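Here's a quick briefing to read alongside the model. Have a look at the fold first, then work through the notes by topic.

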Amino acid sequence: MSNVAIRWLEGGSRLFACEDSRGHVLITGSPAEENGADEYANGHEQGAKASDLLLIGLAACAAHDVVTILERQRQNLTGLRVDVQSRQEPRPPFTFTAIHLHFVLSGDGFDPVKVARALDLSVNKYCAVAATIRGVAELTHDYEIESRP
């Protein structure tokens, strides 16, 4: 079981300190609109968007599994990046309708069958975040192997 907690940082903002089950803290939200949130839109005064954290959680969960599986398969993985694209409904509650994970792998001598299997196992079997999202949004993935210079 995971336990997390959030705490509202100040009455004049929409910023929250969020603590995960391991004690890591991050900031979410933004300054209150009536306090000039628009002028801070690209500034450090904002925290992560809660909906982005869902996408980050999905990518991190899947990446963890992929690294573990490829290491067990003795694939020479030296780097991994996951780019996530998503679509949301245009009206509240802005539900995600589609999420695509694009895995970019670095390394040498990959077996394409093993890579495809690792991604499939991660996204369709092991990742708890993907399992939760799958019934709500279309979840797709693909990969590329990054060329070495």
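Helices here are DSSP runs of H or I with at least four residues, strands are runs of E with at least two, and both are numbered from the N terminus. On that basis, the elements of this chain run β-β-β-α-β-β-α-α-β from the N terminus on. Keep in mind that this is a predicted model.

**The chain overall**

- Of the chain's 149 residues, 30% count as buried.
- Take the contacts between residues at least 6 apart in sequence: 50% of them join residues at least 24 apart.
- The chain's accessible surface is about 9,700 Å², and carbon and sulfur atoms account for 52% of that.

**The nonpolar core**

- As a general point, nonpolar side chains tend to be buried together in soluble globular proteins.
- The largest nonpolar core has 26 residues here, and the members touching the most other members are Leu 58, Ile 99, Leu 101 and Phe 103.
- At least two residues of this core come from each of helix H1 (50-72), strand S5 (96-108), helix H2 (112-126) and helix H3 (128-134).
- H1 gives the largest share of this core, with 9 residues.
- What does Leu 58 contact, once you set aside its neighbours within four places in sequence? The list is Ile 99, Leu 101, Cys 127, Val 129, Ala 130, Ile 133 and Leu 139.

- Ala 62 is found in helix H1, and it counts as buried because its relative accessibility is 1%, where buried means under 20%.
- Not counting residues up to four places away in sequence, Ala 62 touches Leu 101, Phe 103, Ser 122, Val 123 and Cys 127.
- Ala 62 and Ala 130 sit 68 residues apart in sequence, but their C-alpha atoms are 7.8 Å apart in space.
- Asp 65 also has its place in helix H1.
- Beyond its neighbours within four places in sequence, Asp 65 is in contact with Ser 122, Tyr 126 and Cys 127.
- For Asp 65 and Tyr 126, 61 residues apart along the chain, the C-alpha separation is 7.2 Å.

**The largest pocket**

- The largest pocket comes in at about 670 Å³.
- How many residues line the largest pocket? There are 20, and Val 4, Asp 20, Leu 26, Leu 53 and Gly 57 lie nearest its centre.
- The lining of the largest pocket takes at least two residues from each of strand S1 (5-8), strand S2 (13-19), strand S3 (25-31) and H1.
- H1 supplies the largest share of that lining, 7 residues.
- By residue class, the lining splits into 13 nonpolar, 4 polar and 3 charged.

**The loop between S4 and S5**

- Pro 92 and Pro 93 are joined by a cis peptide bond, with omega about 15°.
- Pro 93 belongs to the loop between strand S4 (76-88) and S5.
- Phe 94 is in the loop between S4 and S5 as well, and it has a positive phi of about 55° although it is not a glycine.
- Is Phe 94 buried, exposed or partly exposed? Phe 94 counts as partly exposed, because its 41% relative accessibility falls between the 20% and 50% cut-offs.

**From the H1–S4 loop into S4**

- Arg 74 is found in the loop between H1 and S4.
- Phi of Arg 74 is near 60°, a positive value in a residue other than glycine.
- Arg 74 is exposed, as its relative accessible area of 74% is over the 50% cut-off.
- Asn 76 has its place in strand S4 and counts as partly exposed at 36% relative accessibility.
- Leaving out neighbours within four places in sequence, Asn 76 contacts Ser 106, Gly 107, Asp 108 and Phe 110.
- Asn 76 and Asp 111 are 35 residues apart along the chain, with 9.7 Å between their C-alpha atoms.

Conventions. Residues numbered from 1 in each chain as written. Predicted model: local features only at pLDDT ≥ 70, side-chain atom pairs only at ≥ 80, totals over all residues. Heavy atoms only, no water. Core = buried A, V, L, I, M, F, W, Y, C linked by side-chain atoms within 4.5 Å. Buried < 20%, exposed > 50% of the residue type's maximum accessible area, 1.4 Å probe, protein only. Contact = heavy atoms within 4.5 Å. 1 Å grid on protein atoms, 1.4 Å probe; cavity = no way out; pocket = protein on both sides within 12 Å on 5 of 7 lines; lining within 4 Å. Points joined across faces, edges and corners; volume = space filled by probe spheres on them. Nonpolar A, V, L, I, M, F, W, Y, C, P; charged D, E, K, R; others polar. Areas by Shrake-Rupley, 256 points an atom, 1.4 Å probe, with all protein chains shown as cover.
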